[in-house]
Structure formats: structure tokens, C-alpha cells
There are 2 protein chains.
Amino acid sequence: MLTNPYYSVEAQGPYVLHDIGDLRLEEGGTLRNCKLGYATFGTLNADKSNAILMPTWYSGTHAILQQVYIVKHHALDPERYFIIVVNQIGSGISSSPHNTPFPADRANFPKVRIGDDVQAQHRLVTEKFGIERLALVVGGSMGAQQTFEWAVRYPDMVRRAAPIAGTAKNSVHDFLFTETLVEAITSDPGWNGGWYSSNWDVRAGLERHAKIWAVMGWSPAFFSRQRFRALGFSSLEDFIANFMNGYFGVMDPNDLLCMAWKWQRGDVSRITGGNLEQALRRVKAKTFVMPIDSDMFFPPSDCEFEQKLIPNSELRPIHTVDGHLGLFGTDPEYIGQVDRHLNELLSTNA
Amino acid sequence: MLTNPYYSVEAQGPYVLHDIGDLRLEEGGTLRNCKLGYATFGTLNADKSNAILMPTWYSGTHAILQQVYIVKHHALDPERYFIIVVNQIGSGISSSPHNTPFPADRANFPKVRIGDDVQAQHRLVTEKFGIERLALVVGGSMGAQQTFEWAVRYPDMVRRAAPIAGTAKNSVHDFLFTETLVEAITSDPGWNGGWYSSNWDVRAGLERHAKIWAVMGWSPAFFSRQRFRALGFSSLEDFIANFMNGYFGVMDPNDLLCMAWKWQRGDVSRITGGNLEQALRRVKAKTFVMPIDSDMFFPPSDCEFEQKLIPNSELRPIHTVDGHLGLFGTDPEYIGQVDRHLNELLSTNA
């Protein structure tokens with residue numbers, strides 16, 4: 001078990017750690033006393049009809065989701081809804097390699113799948129809050145993977161779904177991309193098979209990982225338009241060092257690897273014997289599939305292919321040159337589009 | 001100096017090594033007795049009006065260009081034209097880190113720029129062959145960078161130019177992408193600052209380099225359509241191991257790094273004080289700018305931006321899902337499109 005101040009309440013803002021008990025994992029392991037770190041915003045109404053669930057993306061926590069999405073007068077308005085943001089397993093806040101005690105810590109942390117997250121979140125939502133139906137499940141990237149998984153696994157529980165910049169079944173290209181992220185970390189001798197004593201031992205690997213993210217996370221146009229200057233960085237070097245590496249460099253490498261492994265293998269059709277059509281036909285939620293048009297690894301065409309298999313769904317692309325990482329709300333035009341689609345979705349009878 | 005059988009005549013087919021003398025480099029170094037490895041196809045006619053120059057791309061040699069492009073009844077028909085394929089400096093065939101004798105070998109090989117290549121090729125073309133005008137300069141990727149540089153530096157000598165899947169000034173995004181390739185190699189402890197004794201010492205770095213190429217070199221659709229199966233590979237793993245790593249794994253790491261450094265800094269506006277418009281206005285060649293529509297790092301929009309600055313030019317996009325590496329002619333629809341554009345270009349009065 002390692003301590004890493006990045007995941008503290010001081011750094012991330014308040015959250016609750018809830019023990020859901022032992023979680024038996026799809027890959028065969030067990031997370032003993034699995035803890036989910038969550039934060040809630042707003043108030044659950046009497047008939048519990050205003051609950052929204054928002055799972056986190058790769059490297060993300062409740063803090064960034066609150067900052068960008070959960071804002072008064074926006075679609076995810078805490079004055080109207082009770083919004084539960086659950087940090088995914090491996091996020092560094094919920095049970096993760098770095099914060100799990102011996103002997104299941106670090107490299108010995110078991111393999112976790114998106115389906116395990118959804119099972120764990122289901123326990124939290126039903127057992128802790130007694131919520132039987134969710135007004136909306138919404139998330140970006142790996143949050144979208146969890147959103148799809150929720151809608152497929154618990155079709156009667158999810159009234160509306162809004163997967164943003166993510167897919168129900170991960171693509172081969174995306175798998176390969178994630179593999180390069182993994183290898184950037186594991187190739188660092190300081191990683192030491194997962195048995196480093198501080199994330200700083202793996203700083204070179206984390207830097208390479210951050211640079212590959214820079215290439216694939218934004219878009220060619222993001223750089224040709226020098227969007228990094230608009231974000232307050234004086235040069236490309238400044239942006240790479242102080243945004244990309246500043247962001248990833250403080251994280252726990254094994255935690256990132258845990259999430260990457262899940263991300264690579266996201267696939268809702270695991271419960272239908274690999275039949276994606278059959279899996280997506282299970283969805284009863286009114287679903288808005290929301291790809292980002294300049295996304296280099298969850299391209300709109302992949303999202304459209306899946307959307308067409310979901311009965312009560314629409315494709316609602318988001319337009320920005322900021323690529324996948326537009327999810328951070330870096331483009332001032334981004335959140336308005338998301339709000340417009342989510343407001344419409346939330347106003348539908350579902 | 002290292003020996004590497006990959007660059008031998010046995011592996012690459014016949015080529016001539018021509019000593020152009022000392023080459024003073026833009027960055028300040030000198031390549032003493034700089035050797036250009038070239039191969040010619042066809043016969044130079046009496047008035048020397050049928051000469052075509054084709055420089056190589058990153059990792060490429062004359063062998064692949066001959067195989068894909070220089071074929072009877074195709075546009076680059078050796079029965080009609082005298083085609084000189086020049087292997088770029090750092091290619092492993094011309095002067096390169098691995099084949100240069102002490103003390104300028106390996107990590108001590110000087111920094112070379114695209115402009116140096118063009119200067120060296122100009123010597124070859126004029127001094128060795130006595131050619132004063134080129135009917136066409138054509139190349140893909142780094143070959144396109146050299147094509148642009150030729151058209152800008154020697155406007156009266158280049159009658160026609162066909163840069164395929166490359167730009168006149170490298171983009172920031174592309175620079176970053178190339179940086180991840182560089183770091184994949186240099187992060188391997190076996191690279192040892194460039195002082196390895198065999199490319200096999202750097203096999204892990206070369207493998208990571210090959211995998212990043214797989215992500216950025218093809219396209220998401222190439223993988224979703226399982227194009228690698230059509231190319232004769234039984235699975236993704238088979239494709240990565242036996243195509244991507246089979247291709248790059250035998251190459252010399254320092255040679256790749258030499259080319260990557262050049263590629264990152266390709267910029268025709270160096271001779272006009274950074275003014276790209278002014279540089280491209282110098283071009284007198286009839287120019288067809290030919291981006292590949294699914295290219296992830298030389299995207300059509302970047303190519304179109306530059307094409308509009310070239311006086312006598314047209315944008316001629318190539319359509320394929322094979323991305324940048326469509327240059328290898330993997331898509332049967334590819335070469336027909338290239339031929340059609342090149343035939344039209346070659347038939348114009350220029």
C-alpha cells in the first residue's frame with residue numbers, strides 16, 4: 001500500500017468511501033472489502049426519481065466531473081437532480097492497486113472488468129441509496145463504457161443513457177492505442193514489475209504515457225490552431241510539461257494500468273456470448289450516443305455503428321477540434337452542446 | 001560502424017553507392033564522403049527530358065518504391081521514364097549512423113535536415129547524370145517533404161511535383177507523434193545512448209516503436225474492417241508481430257532516429273525566414289498535392305492549407321481506409337488512383 005497525496009480529499013474535494021463488501025470479479029479474483037469512493041450533489045427527492053449516476057473516465061475523478069458538468073443551471077443541475085459520481089475501481093479513490101493492503105496490493109491487484117464496476121455500482125445505488133431506477137446514466141470515455149454496460153445489464157433500471165465519446169465494445173484500434181500507453185509505463189525500469197515505492201520512480205514512463213496522450217487525446221487541428229495557447233500555455237513544451245505531464249505525472253502507475261486493462265476489454269456483449277446486436281437490443285433506456293467528431297480513438301463512425309443497434313436511440317455528435325480530451329470542457333463551445341442534448345434527453349418521457 | 005544485413009544488396013536489390021564528396025550540413029556538421037545509394041529504372045533519353053526523381057520515406061528504401069510504384073504500364077513506367085530513386089540520408093543505404101566509420105558513426109552522426117538531402121540529391125542529379133530539369137519529383141511521406149523542398153529550392157529545375165501524404169512544413173501534432181516514436185527507441189536501456197552493438201539490443205524499443213506505428217500509421221477503419229486479414233495475417237497479434245515488428249525490428253535504431261529528427265523539422269520556409277507563403281510561392285512546378293484521406297498525422301486539411309499557397313497546384317486526395325501506410329499499396333484501390341493523378345500530371349505541359 002502506497003500513499004499518494006493526489007488522491008486525497010485535500011486534492012480531490014470531499015468524497016465518501018463506502019465498503020460494498022467482497023466483490024467477486026469476472027476474471028476470477030475477489031476484491032475483499034471493495035471500497036467505492038463517491039460524491040453526491042443535490043438532494044434525492046421523495047420518490048427517488050431524480051437520481052443520476054455518473055461514472056468516471058480513465059484517470060478522472062469526481063472532481064473534474066463536478067467542475068465541468070455538475071453546475072447549477074446546466075443540464076446536470078444539482079438543484080434539480082441527485083447526482084452520484086462514482087469513481088471507478090482503479091481510479092485511485094475507489095479500491096485500486098496503490099491503496100489496497102498487502103497481499104492484494106500493487107502488481108497483485110486482481111484484474112477488473114467494466115462489468116465488475118457496474119456490479120459494484122449497482123450495489124451502491126440499490127443497497128446504500130435504495131434507488132430502483134436511474135433517471136440517467138451518463139459518462140465520458142470509460143464513463144461511456146460503464147454507461148453502456150449499465151444499460152445492457154440493467155435495462156429496467158436505466159431510464160436514459162448518455163454515453164459520450166466511448167463505445168459499448170472497444171475497437172481493435174483503440175485496444176492497440178491503449179497498449180502503447182501501457183507499454184510506455186511498463187517499459188520504465190523504475191516500474192519494476194509494479195513494485196516501485198513511489199510514482200516518481202516511474203516518472204520517465206509516465207512522461208512518455210503523457211506524450212502519447214497528447215498525440216491521440218487531442219487532434220491535429222487542436223495543435224495547428226494552437227489551442228494550447230488559448231488554454232494558457234506559452235509554448236508546446238510548456239503545454240506538454242505543465243498540462244499533460246502535470247496531470248498524469250502525479251498519478252499512480254499501477255492504478256492507470258488497472259484502468260487501461262479494463263478499458264481495452266470493454267465489451268457489453270460478454271453477457272450475450274459475444275453477440276453485440278443481441279446485447280444492445282436489451283437496452284430499454286432512451287439513449288443519446290454522443291461521439292466527439294474529432295475523436296481519434298472513439299471515432300464517430302464506431303459510435304454510429306453501435307447506436308444503430310440500440311432500439312430507442314439517437315446519434316448526437318459533439319463538434320469541437322479538441323478531440324477526445326474535449327471531455328475536459330476545454331472548448332467553450334463544448335459544454336453548451338452537451339447541455340442541449342442532455343436537457344432534451346432528460347425532458348423525454350422514458 | 002555496424003553491419004546490418006537488412007541494408008545489403010541481397011535484401012534490397014541492386015543499388016549504386018555514389019560518393020558526392022563532403023556535404024556541409026545546415027546544422028553545422030559535415031558528412032565526409034557522403035554516399036548516396038540510388039537505383040535507376042529505365043533509360044535516360046537523348047535530351048534528358050524524361051528523368052523522374054523519387055526520394056524515399058522514413059524506413060523506406062528503393063526496393064519498396066520499385067515494388068509498388070515503378071511498374072510497367074503504370075504511371076511511373078520504366079519503359080517511358082528514367083526514374084532515379086535516391087535513398088535518403090539515414091535510410092541505412094545512403095550515409096547513415098550505422099554505416100559511417102568512426103568517429104562520425106552511431107550517436108556521433110551529425111544532425112541532417114531535409115534541405116541537406118535535397119542539396120545532396122541535386123549534386124547527384126546534376127553532376128552524375130547531367131540532368132538540368134526533372135520531368136517530375138514524386139515521393140510519399142518524407143519523400144513528399146523532400147519533393148516540396150526540391151520544388152521550393154530549385155523551382156526552375158522541377159517541372160512537376162507530386163507530394164503524396166506529406167507536408168511542406170511539418171505540423172506540431174506530427175512533431176509530437178514522431179517524438180513518441182523517438183522515445184519508444186531511446187527509452188530502451190539497450191539503446192545505450194546510441195552505442196548498442198546490434199539492433200537486437202534495442203528490440204524492445206523497436207517493438208514499441210512498431211506498435212505506435214500500428215496505431216497512427218493505419219486508421220481505426222483499417223482495423224475495424226480487419227484489413228490485416230486481407231493482407232494475409234491470421235490475427236491482430238500475428239499482424240503486429242509479423243508485419244509491423246517484422247518490418248521495423250530488423251532496422252538500425254540510430255538510422256531511424258536520424259530520419260525521425262529530419263522528419264520532425266521538415267520546413268520549406270527555412271530559406272524564406274519562416275515565411276511559408278513566400279516559400280511556396282517560389283514553386284514553378286505544376287503540383288498535385290495528394291493527401292491520403294484517412295491519414296492520421298498528415299491529414300488532408302493540413303495538405304489543403306499548403307496546396308492553396310502553391311501557384312500552379314491542385315489538391316488530389318487519395319481515398320483509402322489504410323491511412324498513411326496506404327503508401328505501401330496495401331489497398332488494391334490505391335495504386336490506380338495514384339496512377340490516374342500522376343498520368344494526368346505527367347501529360348500536362350509544364
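A: Leaving aside residues up to four places away in sequence, A:Leu36 touches A:Val16, A:Leu17, A:His18, A:Ile20, A:Val86, A:Asn87, A:Ile89, A:Ser94, A:Ala120, A:Gln121 and A:Leu124, where contact means heavy atoms within 4.5 Å. This is a predicted model, in which local features need pLDDT of at least 70 and side-chain atom pairs count only at pLDDT 80 or more, while totals for chains, interfaces and linings use all residues. Side-chain values use heavy atoms, with hydrogens and water left out, residues are numbered from 1 along each chain as its sequence is written, and chains are lettered from A and ligands numbered from 1 in the order in which they are written.

A:Leu36 is buried, at 0% relative accessible area (buried is under 20%, exposed over 50%, partly exposed in between, with a 1.4 Å probe and protein chains only). Between the C-alpha atoms of A:Leu36 and A:Val86 there are 6.9 Å, although 50 residues separate the two along the chain.

A:Leu36 sits in strand β4 (residues 35–41) of chain A; helices (H or I, at least four residues) and strands (E, at least two) are DSSP runs, numbered from the N terminus. In chain A, 8 strands form an open sheet with mixed pairing, in the order β1-β4-β6-β5-β7-β8-β9-β10; two strands pair if DSSP finds at least two bridges between them. At the edges of chain A's sheet are β1 (16–19) and β10 (313–315), each with a single partner strand, so one side of each has no neighbour in the sheet. On average, neighbouring strands are turned by 20° against each other, direction ignored.

Further along the sheet, β8 (residues 160–164) and β9 (residues 286–289) of chain A are parallel and share 2 bridges. A:Arg160 has A:Lys286 in β9(A) as its bridge partner. Helix α4 (residues 142–153) of chain A lies across β5 (51–55), β7 (136–140), β8 and β9 of chain A, at about 150° to β7(A). For such angles, axes are lines fitted to C-alpha atoms, for helices over the stretch in contact, and the values run from 0 to 180 degrees between N-to-C directions. Helix α13 (residues 334–347) of chain A also packs on the sheet, touching β5, β7, β8 and β9 of chain A, with its direction at about 160° to that of β8(A).

Chain B comes next. Chain A is superposed on chain B by a rotation of 180° with 0.0 Å of shift along its axis (RMSD 0.0 Å), using least squares on the C-alpha atoms of residues with pLDDT of at least 70 in both. The two copies are thus related as by a two-fold rotation axis. Both use the same surface, since 100% of the contact residues of chain A recur in chain B.

Between the chains, helix α5 (residues 172–186) of chain A packs against helix α6 (residues 203–217) of chain B at about 145°, with axes 9 Å apart. On the α5(A) side the contact is made by A:His173, A:Leu176, A:Phe177, A:Glu179, A:Thr180 and A:Glu183, and on the α6(B) side by B:Arg208, B:Lys211, B:Ile212, B:Ala214 and B:Val215.

In chain B's sheet, 4 bridges join the parallel strands β7 (residues 136–140) and β8 (residues 160–164) of chain B, and B:Gly139 has B:Pro163 in β8(B) as its bridge partner. Helix α3 (residues 114–128) of chain B lies across β1, β4 (35–41), β5 (51–55) and β6 (82–86) of chain B, at about 55° to β4(B).
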